[in-house]
Amino acid sequence: MIQIDKKRLKEIFRLIFNAYANKTGIFATLRAENLGPQNVFRPQGVTIGDKDHLYWLTLVALSDKRTNSPILYRNFARMFHRNKSLFKRGVYPSLARMTNLFRAYKIALPVMEIAFFLQRKRHLDELFGGDPLKIYEGVSDIDELMKKLMAIAKKRGIRNLFPGAKRKIFSLLAMFLSEFTELEFADIVPIDVWVQSICTSSGVLIGSGQIDINVLEKMLRPLMTELFQEFRSIKGAPNATWIQGKMLCTNCARLDMSIACPIYHLCKGPFSRMRHPVSDKHYGRIQMPPQFIPKALCSS
Ligand code: SF4
């Protein structure tokens, strides 16, 4: 059984968020402002934080399957820039037209996701007036939000208001919105692959066996949310785990990260996606039980 070492979790993530707050290590140069796709990409002519920017950002974040994949944001920015009608509330191109647009702008999402994009746009327009802040109105955390969305869906006879978007995505969107607006929402650190990966490599996850990523996310979320309240006032701080994972952990197997990484001395080192020794299925970082971490990739 896999469990969370809560003391270790606090130690590890306090070091990361403190490094972000104090601009040390990697965070001396890499910050949400110069790396976060929410800041780096937007359709030309759109001002950061204005209603078109928030609308665009919401539609992209709700389509984000790979945790802030910068290419996704860049290509969505181009698509909206050259197709201004997409900003309009009440405009829903046909699925065929939308698929052509996605393909033309190299937005590599399956057709089902493109249909979801249109549904999400429609529901954002019709039920929230095109204003993403209204999604979060009257709720303070992710559990309350999910209940609110389910109640609206039930009342309207809609199966899913924002198909394809789950808790992690609503945390991500809340993180973005809280950077540009006065949104107050508790869960603004997305419990993504990087949080889960760091937990595995730094010994926050203890025990043995396998764990479902959704179960793990549920276990980690309240602990991370509680811890993060200490760092709420640090602008951009919720991006720290993503920056750490994306810029450091992915390269840690081949580059010396001892200066850049704030938890280097506490981490066993990175591991890559690998096959489970019994089922032969691919394991994401997050699902891999600690005892399966390949030794060759661990620092001694
Ligand atoms: S030591 Fe490497 S794998 Fe561990 S947290 Fe730092 S960068 Fe990531």
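User: Among contacts between residues at least 6 apart in sequence, how many join residues at least 24 apart?
Analyst: Two residues are in contact if their C-beta atoms, placed from the backbone, lie within 7 Å. In this protein, 72% of the contacts between residues at least 6 apart join residues at least 24 apart. Keep in mind that this is a predicted model: local features need pLDDT of at least 70 and side-chain atom pairs count only at pLDDT 80 or more, while totals for chains, interfaces and linings use all residues. Residues are numbered from 1 along each chain as its sequence is written.

User: How many helices and strands are there?
Analyst: Both are DSSP runs numbered from the N terminus (helices: H or I, at least four residues; strands: E, at least two). The protein has 13 helices and four strands.

User: At what angle do H9 and H10 pack?
Analyst: Two packed helices are described by the angle between their axes and the distance between those axes. Here the axes are lines fitted to C-alpha atoms over the stretch in contact, with angles from 0 to 180 degrees between N-to-C directions. H9 (residues 142-156) and H10 (residues 167-180) pack at about 110°, axes 11 Å apart. So H9 is roughly perpendicular to H10, a label covering 65 to 115 degrees.

User: Which residues meet there?
Analyst: From H9 you get Ile142, Leu145 and Met146, facing Arg167, Phe170 and Ser171 from H10. By class, the contact of H9 with H10 has four nonpolar residues, one polar and one charged. Ala, Val, Leu, Ile, Met, Phe, Trp, Tyr, Cys and Pro count as nonpolar, Asp, Glu, Lys and Arg as charged, and the others, Gly among them, as polar.

User: Is Leu177 buried or exposed?
Analyst: You count other C-beta atoms within 10 Å: 20 or more is buried, 12 or fewer exposed, in between partly exposed, with C-beta atoms placed from the backbone. Leu177 sits in helix H10 and is buried because it has 23 such neighbours. Beyond four places in sequence, Leu177 is in contact with Leu54, Pro132, Leu133 and Leu183. Across the protein, buried residues make up 38% of the 300.

User: Where is Gly164, and what does it touch?
Analyst: Gly164 lies in the loop between H9 and H10. With 18 other C-beta atoms within 10 Å, Gly164 is partly exposed. Not counting residues up to four places away, Gly164 touches Glu113 and Phe116. Gly164 is also 8.8 Å from Lys65, C-alpha to C-alpha, though 99 residues apart in sequence.

User: What surrounds the ligand?
Analyst: A residue is near a molecule if its C-beta atom, placed from the backbone, lies within 6 Å of it. Twelve residues surround this ligand, the closest being Leu248, Cys249, Cys252, Cys261 and Cys267. That shell has ten nonpolar, two polar and no charged residues.

How values were computed:
Parallel < 35°, antiparallel > 145°, perpendicular 65-115°, else oblique.
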